[in-house]
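Colleague: Hi! Could you walk me through this model before I start on it?
Modeller: Happy to; here it is.

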Amino acid sequence: MLPNARSEFLAGCRDIAPVLVGTVPFGFVAGVAAVGAGMTPIEAIALSLFAFSGIAQLVVAQLVAAQSPALLTLAAALVVSLRFLMYSAALSPHLAHLPRRWRIALAYLMTDQGFAMGTHHYSQPGDRRLRHWHLLGVGVTLFTVWQASVIAGAVAGAQVPAAWSLDFVVTLTFLTLLVPALRTRADLAAAVVAGAVALAVSGLPYRLSLVVASVAGIGAGVLAERAHRR
Amino acid sequence: MNEWVVIVGAGVVTFLTRASFIVFADPHKFPHAFRVALAFVPAAVLAAIVVPGLAMPQGALDLTPANPRLLAGIAAVAVALRVRNPLASIVAGMAVLWGLQALRG
């Protein structure tokens with residue numbers, strides 16, 4: 001590893017550290033939810049290793065608990081994972097020069113937090129050639145802490161009192177990503193419309209409200225930017 | 001058996017969406033309109049997750065001060081606007097939520 005690659009990797013590990021305070025309870029909640037849905041601890045941990053996505057794991061746990069057919073459960077996991085398409089598209093120009101095995105590894109390790117940190121890091125001035133090492137540091141750190149937290153939750157099971165409201169950490173984690181993402185009026189329009197639509201269509205089955213609200217918000221952002229340019 | 005189909009299937013679904021453009025597509029061929037739309041993805045998706053978590057904690061809309069998660073969320077936003085450290089916002093939000101829950105029994 002070149003000295004610069006090493007320092008980028010370690011900077012990634014360090015930069016993601018403040019986010020981990022949310023990752024630990026979030027992973028714990030995901031582990032508890034899977035076991036609470038009737039999965040064995042081994043199945044809960046396997047789900048986490050395969051999916052490595054808090055929202056997807058929570059949705060799968062909810063639908064397994066409701067004894068949904070496997071195809072419907074996977075359709076719901078796909079729906080909540082559609083945002084990864086958008087993250088993937090946004091990151092891909094920065095990673096296009098890398099060998100395939102690098103792109104596969106960074107794709108597997110991509111998360112909401114890792115994407116937010118990565119786009120911020122790539123927007124900084126200076127030499128960008130080794131910044132994929134920063135992404136790798138962020139991804140490996142989040143992966144390790146996430147899996148350890150899920151294992152703790154899967155093993156501890158339902159012994160955590162509901163009164164602790166640990167599930168609220170999930171909302172707060174995404175809130176801390178949302179606030180810095182609101183840089184322009186058009187960003188704000190996208191967020192306000194997406195939030196309002198999410199409330200209005202919350203009755204839709206299979207978490208479809210997330211996708212409908214996201215698309216409405218993106219449309220509002222594009223329109224707001226066009227109006228601003230005129 | 002059914003569980004393992006779901007477990008492996010969820011892995012395939014999440015990996016394919018993540019890998020879509022990074023592994024399989026040429027980003028230089030994206031149309032301009034698509035790139036403009038991409039800029040609004042984080043704000044829209046994150047708001048669609050966060051807003052119901054604050055405003056509909058029990059599955060029904062509650063925009064009154066009786067909703068502790070709404071107040072806790074406002075506190076977390078206030079901290080996030082001043083400090084660029086996610087830890088501070090999460091701690092503030094949980095502290096307000098636990099404080100309100102303790103006060104209201």
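Colleague: Let's start with chain A. Among contacts between residues at least 6 apart in sequence, what percentage join residues at least 24 apart?
Modeller: In chain A, 75% of those contacts do. Keep in mind that this is a predicted model.

Colleague: Noted. How many helices and strands does chain A have?
Modeller: Chain A has eleven helices and zero strands. From the N terminus on, the elements read α-α-α-α-α-α-α-α-α-α-α.

Colleague: And what radius of gyration does chain A have?
Modeller: Chain A has 19 Å. A compact globule with 230 residues would be near 17 Å, so the value agrees with that expectation. Along the principal axes, the C-alpha atoms of chain A fill a box of roughly 50 × 50 × 35 Å. As for burial, 51% of the 230 residues count as buried.

Colleague: How is chain A divided into domains?
Modeller: There is domain 1 (3-160) and domain 2 (182-230). The C-alpha centres of these two domains of chain A lie 24 Å apart. Their contact takes eight residues from domain 1 of chain A and six residues from domain 2 of chain A.

Colleague: Which helix gives the largest share of the domain 1 side there?
Modeller: That is α5(A), with seven residues. By class, the side of domain 1 of chain A that touches domain 2 of chain A has seven nonpolar, no polar and one charged residues.

Colleague: Switching to the two chains together: how many residues does each one put into the contact?
Modeller: Chain A puts in 74 residues and chain B 59 residues. Several helices of chain A each supply at least two residues of the side that touches chain B, among them α2 (20-36), α5 (70-95), α10 (185-200) and α11 (208-229).

Colleague: Which one gives the most?
Modeller: α5(A) does, with 18 residues. The side of chain A that touches chain B divides into 53 nonpolar, 15 polar and six charged residues.

Colleague: Let's zoom in on α3(A). Which of its residues are buried?
Modeller: Ala44(A), Ile45(A), Ala46(A), Leu47(A), Ser48(A), Phe50(A) and Ala51(A) are buried in α3(A). The buried residues of α3(A) pack against α2, α4 and α8 of chain A, together with α1 (2-24) of chain B.

Colleague: What happens just after α3(A)?
Modeller: Phe52(A) takes a positive phi of about 45 degrees there, and Phe52(A) is a residue other than glycine. Phe52(A) sits in the loop between α3 (41-51) and α4 (54-65) of chain A.

Colleague: Is Phe52(A) buried or exposed?
Modeller: Phe52(A) is buried, because 24 other C-beta atoms lie within 10 Å and the cut-off for buried is 20 or more.

Colleague: Now Gly38(A). Where is its place?
Modeller: Gly38(A) is in the loop between α2 and α3 of chain A. Gly38(A) is exposed, with 12 other C-beta atoms within 10 Å.

Colleague: Leaving aside neighbours within four places in sequence, what is Gly38(A) in contact with?
Modeller: Gly38(A) is in contact with Val64(A) and Ala65(A). Gln67(A) is 29 residues from Gly38(A) in sequence, and the two are 9.7 Å apart in space, C-alpha to C-alpha.

Colleague: Over to chain B. How far apart are the end C-alpha atoms of helix α4 (residues 68-82)?
Modeller: They are 22 Å apart. At 1.5 Å a residue, the 15 residues of that helix of chain B should span 21 Å, so the two values agree.

Colleague: Which residues of α4(B) are buried?
Modeller: Pro68(B), Arg69(B), Ala72(B), Gly73(B), Ala76(B), Val79(B) and Ala80(B). Seen down the axis of α4(B), the buried residues fall within an arc of 130 degrees, so they line one face of the helix. On the other side of α4(B), Leu81(B) and Arg82(B) are exposed.

Colleague: And what covers that buried set?
Modeller: The cover of the buried residues of α4(B) includes α9 (168-181) of chain A, along with α3 (41-55) and α5 (86-103) of chain B.

Conventions. Residues are numbered from 1 along each chain as its sequence is written. Chains are lettered from A and ligands numbered from 1 in the order in which they are written. This is a predicted model: local features need pLDDT of at least 70, side-chain atom pairs count only at pLDDT 80 or more; totals for chains, interfaces and linings use all residues. Helices (H or I, at least four residues) and strands (E, at least two) are DSSP runs, numbered from the N terminus. The expected span of a helix is 1.5 Å times one less than its number of residues. The arc is that of the directions from the helix axis to the C-beta atoms. Two residues are in contact if their C-beta atoms, placed from the backbone, lie within 7 Å. Ala, Val, Leu, Ile, Met, Phe, Trp, Tyr, Cys and Pro count as nonpolar, Asp, Glu, Lys and Arg as charged, and the others, Gly among them, as polar. The radius of gyration is taken over C-alpha atoms; the globule rule is 2.2 Å times the number of residues to the power 0.38. Domain bounds come from an automatic or database domain assignment.
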